[in-house]
Amino acid sequence: MRVIVVCFLISFLALSCGDKKNGFSVDKIPDPMLHGGYVSNPDHIVSTSAEASLNALMSDLSAKGTAQVAVVLLKTIGDKVPKDIAHEIFRTWKPGQKEKNNGLVVLLVEDQHRIEFETGYGLEGDLPDVICFRIQQQKMLPFFKKNDYDEGMWQGMNAVADVLNHADSATVTANEPESPADETPENFEAVPDAPSRELPGDGIIFLYVFYVIISRICAGFFISKKDKRPFNDPPILYNPGIFSGLWIYVFPALEIVAVFLFTNYSFHWWSVPLIMYLNWLTYLLYRTILVHINANRLLNDNNRVQRYTGFSLAHKDLGIAAIVFPIPFFFYYKWHKARLDRLRSTVYSCDQCKNPMELLGNKNKKNYMSKGQLMEEKQGSVIYDVWSCKTCDTRKVLGYDSIYSNIAKCPKCSNKTLQATKKETVKRPTSRTKGQGLQYYECKFCGYTEKEAFVIGMLSSSDSSSGSSGSSSDSSSSSSSDSWGGGDSGGGGSGSSW
Ligand SMILES: [Zn+2]
Ligand SMILES: [Zn+2]
């Protein structure tokens, strides 16, 4: 977590340092062609990888002789007008082949929330203003509004490339009327009018961290170091292993990636939480089925105490599931409780005379319990039922372990009365080394004590070399022999604000 926060701070500082409000002039914009590129991204408006993709796209257009595009992404141009700056960039760099005049300047000014296209004379036919405007509105602004400049620029420039490539194959040379209200599809068909596909944003990282934390709390995986296994030692009906961990913590990520890769699904704000919710639901269903398969296989049908404890342990966190997933777990929970009740309170018949036995009340039963059992019940680690046969004067003493108790079995007196007492730090952890501590235990029945060493995790450090500040973006384009061709702007193009 801390690392993420530090990354944010670094990128925030990097952004705010690049702010030079007044005295902006075009010759301060780094010319990408000096490195054989087409994208000038001095303020890191788009990521290095997005910049590389855009460069590759532009390089391809240029290589085909379709168009030469200069993309300029700036945080601010002071109080200058974006259209003027775009025009000035065009005049200064002169993109486009001289004979064809097929240059295009795309300028994004972040603080003015403005995107400008400035087309050369030769492109005005293939890329009329109305198409520029439509690409901006449909492909770019939806992402820009969410500060997703990477996706917005990528979608927009791809649409431009599509239009130009199709125009190149000489299908259309329509003279589009200037009014943007005219919706004739023209050669813009490749870019449908449907709202562009929504993808999960950056918030997904926080959502996922939140999900993992909540899942960690909900999953009853905190198995104590001390052996808390019940006396009657029922077989474990469900053992959360690596597969469970994968299912809970990793599957949602895989599911999100799969939806992204293999479907055309448009993400909504609730999509990812829904995936996470359904992931937990299916996991719990799987676990419930497995518990029942194992119960049939492993549990002794005649040992009701063992069945009781086995099912209790396997369904330790069923209460939470019943709240979070009322369907189907609320009903299952009710049924589970009724089953436990039946297992515990159905009348036993006497082993000797076969007559029905009687469950003794709290006061009466104490006469037949040992001192150790009394102490266990006082500590809350085991609860006892005493069944009595009046006919032949025999008793059946049944112990039910509390599945929520942290009290362990004492190795000396064998009662479940060994309690954790104080904790002691022997060696403090640092950011480099683990620490060590001692946990003390004391038996409340026989006074036996023991201590156990445990490891304290390293302090999390924020020293990591999070290179978010970027390494002077030299995403070298493939054809470095390129240069701006010397085209002329016709003053065409379009601009959009968000
Ligand atoms: Zn009897
Ligand atoms: Zn003891």
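What share of the contacts in the chain with a separation of 6 or more comes from residues 24 or more positions apart? The share is 68%, where two residues are in contact if their C-beta atoms, placed from the backbone, lie within 7 Å. This is a predicted model, in which local features need pLDDT of at least 70, side-chain atom pairs count only at pLDDT 80 or more, and totals for chains, interfaces and linings use all residues. Residues are numbered from 1 along each chain as its sequence is written, and chains are lettered from A and ligands numbered from 1 in the order in which they are written.

**Overall make-up**
- The chain has 13 helices and twelve strands, taken as DSSP runs (helices H or I, at least four residues; strands E, at least two) numbered from the N terminus.
- Of its 498 residues, 27% are buried, meaning that 20 or more other C-beta atoms lie within 10 Å of their own.

**An open sheet**
- Three strands form an open sheet in the order β5-β6-β7, with antiparallel pairing; strands pair if DSSP finds at least two bridges between them.
- β5 (358–359) and β7 (394–401) are at the edges with a single partner strand each, so one side of each has no neighbour in the sheet.
- Strand β6 (residues 382–389) is joined to β7 by eight bridges, and Asp 385 stands opposite Leu 398 in β7.

**Two packed helices**
- Helix α7 (residues 242–262) packs against helix α8 (residues 271–298) at about 135°, with the axes 9 Å apart; axes are lines fitted to C-alpha atoms over the stretch in contact, and angles run from 0 to 180 degrees between N-to-C directions.
- The contact includes Trp 247 and Phe 251 of α7 and Met 276 and Tyr 283 of α8.

Definitions and conventions. A residue is buried if 20 or more other C-beta atoms lie within 10 Å of its own, exposed if 12 or fewer, and partly exposed in between; C-beta atoms are placed from the backbone.
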